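Student: I am new to this structure and would like a close look at one part of it. Could you walk me through it slowly?

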Amino acid sequence: MEMGVKEQDIIRSALQGRRRDLSRLLTLIESGFEPNIPLQESWTMGVTGPPGAGKSSLIGNFVDYWSSRGDKVAVLAVDPSSPKSGGALLGDRMRMVSADSGDSVFVRSLATRNHPGGLSAYISTMIDCLTACGWNKIVIETVGSGQSDYRIAAFTDRILLVDGPDRGDIVQAEKAGIIELADIIVVNKSDLEGSEQAAEAINSSLSMGPSPPPVHLVCSHDGAGIEELIHDIENCIPEARSALRARERLISAWDSRLLNNPELNRVVGLLETGSITLEDAIKEIASSEV
Amino acid sequence: MKVIVAKPGLDGHDRGAKVIARALRDGGHEVVYTGLRKTPNEIVRATMDEDAAALGLSTLSGAHDVLIPAICEELIKEDMGRTVVFAGGIIPASDRDALHALGVRAIFGPGTSTSEILDFLNEVSSRKKSGEAVGVGESSEWRWE
């Protein structure tokens with residue numbers, strides 16, 4: 001999309017700190033606009049983990065802590081779109097108690113719009129904008145995710161994996177996947193039975209590796225363990241992961257391009273009726289790329 | 001459309017708001033639900049951060065004639081006059097004209113079908129596309145009846 005006069009005004013105003021226009025700018029980015037903004041080094045953390053582990057509530061704790069200490073905290077909270085209706089129910093905001101409370105907190109809910117990996121390539125553009133607008137702590141909450149969902153590595157420097165007490169036996173912690181990438185692991189709901197055993201199982205599994213990440217047992221509900229966790233987050237030196245990051249960024253950009261291809265629906269229609277093969281469909285899409 | 005469903009004031013339950021949020025999701029909208037007991041300022045702040053096209057306010061407590069005007073005025077003041085505001089819950093017929101005069105485009109009472117609310121949003125969407133004034137701060141006589 002070309003930068004028009006209106007977009008330029010919105011960018012200028014957002015960079016000057018006008019919240020209303022930052023919000024408009026994010027909407028433009030969501031619809032494919034790529035603003036030209038000054039790049040700065042950002043502070044980013046991805047929060048991921050299965051549905052219901054307490055990711056949003058925990059982010060609410062972080063928001064309270066950081067904003068009360070003078071940080072400007074921005075949260076991009078992603079929830080799934082319906083594969084049937086295309087609609088979405090974005091409920092993360094309601095779990096973050098102080099989401100709407102002050103000038104040092106900005107929360108934006110985003111729907112996946114059925115993007116593979118649950119995160120669209122424009123997340124990185126949004127992070128650049130938020131950073132340029134003065135938000136010095138940026139937290140990305142993923143959709144409730146599983147063992148092999150690590151697209152978040154494309155976008156954030158730190159990865160926090162949140163789990164609950166009801167995670168099954170130790171073999172679950174032995175499996176490969178996101179658990180190997182997390183810089184810090186959190187077992188939330190420490191007030192519930194089984195949470196200590198869950199933390200112990202994760203700890204003992206990871207202790208076999210070279211540099212095991214810290215495992216924190218916390219309760220976002222009453223704040224137990226939160227300060228210690230935040231201390232570790234602030235002092236954590238994230239693993240570089242540069243090759244993985246580059247790979248995930250490329251796949252994400254590739255996915256976005258495929259989903260935005262104007263021929264996509266037509267080709268899907270042809271596949272549905274069986275009039276072309278999968279191989280032909282891929283060729284059709286590839287040849288429609290300029 | 002991106003729609004916020006909000007619960008201003010001190011209502012103790014939100015069954016209705018959740019049913020609406022779910023129905024709008026199934027109608028293809030991206031719905032942000034705020035949760036219970038929000039102040040007008042918090043609702044306006046959420047509407048701004050989310051850059052929502054529409055705001056649905058559910059009130060059961062009888063405080064609609066204080067809370068809804070406060071929200072509408074603040075939206076206009078904060079440069080969100082193009083937001084479409086609709087309301088639902090327990091709002092007596094005698095109070096409705098005053099709310100419509102503030103720019104509230106629809107008021108849905110008990111017994112409203114969820115498909116009617118979707119019809120309203122579809123109508124809003126097509127009016128927005130053709131450039132007609134439907135926002136809370138835009139001058140228009142149009143209301144859903």
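Predicted model: local features only at pLDDT ≥ 70, side-chain atom pairs only at ≥ 80, totals over all residues.

Student: In what order do the seven strands of the open sheet in chain A come, and is the pairing parallel or antiparallel?

Tutor: The open sheet of chain A is built from seven strands, and reading across it gives the order 4-2-5-1-6-7-8, with parallel pairing. At the edges are strand 4 (105-111) and strand 8 (215-217) of chain A, each of which pairs on one side only. From one strand to the next, the twist averages 20 degrees.

Let us now look inside the sheet. Strand 1 (residues 44-48) and strand 5 (residues 137-141) of chain A run parallel and are joined by four bridges. Here you can find Val47(A) standing opposite Glu141(A), a residue of strand 5 of chain A.

Glu141(A) also leads us to another residue, Val75(A). Leaving aside neighbours within four places in sequence, Val75(A) is in contact with Glu141(A), and also with Ile59(A), Val63(A), Met96(A), Val107(A) and Val139(A). Val75(A) belongs to the largest nonpolar core, which has 112 residues; within this core, Val75(A) and Val31(B) touch the most other members. Domain 1 (1-34) and domain 2 (38-241) of chain A both contribute residues to this core, so it lies between them.

For a contrast, turn to helix 11 (residues 264-273) of chain A. Of its 10 residues, the number buried is zero, so helix 11 lies largely in the open. After helix 11 of chain A comes Gly274(A), with a positive phi near 80 degrees.

Technical notes
Residues numbered from 1 in each chain as written. Chains lettered and ligands numbered in written order. Core = buried A, V, L, I, M, F, W, Y, C linked by C-beta atoms within 7 Å. Buried ≥ 20, exposed ≤ 12 C-beta atoms within 10 Å, placed from the backbone. Domains from an automatic or database assignment. Contact = placed C-beta atoms within 7 Å. Helix = DSSP H or I, 4+ residues; strand = E, 2+ residues; numbered from the N terminus. Pairing = 2+ DSSP bridges. Axes fitted to C-alpha atoms, helices over the stretch in contact; angles between N-to-C directions.
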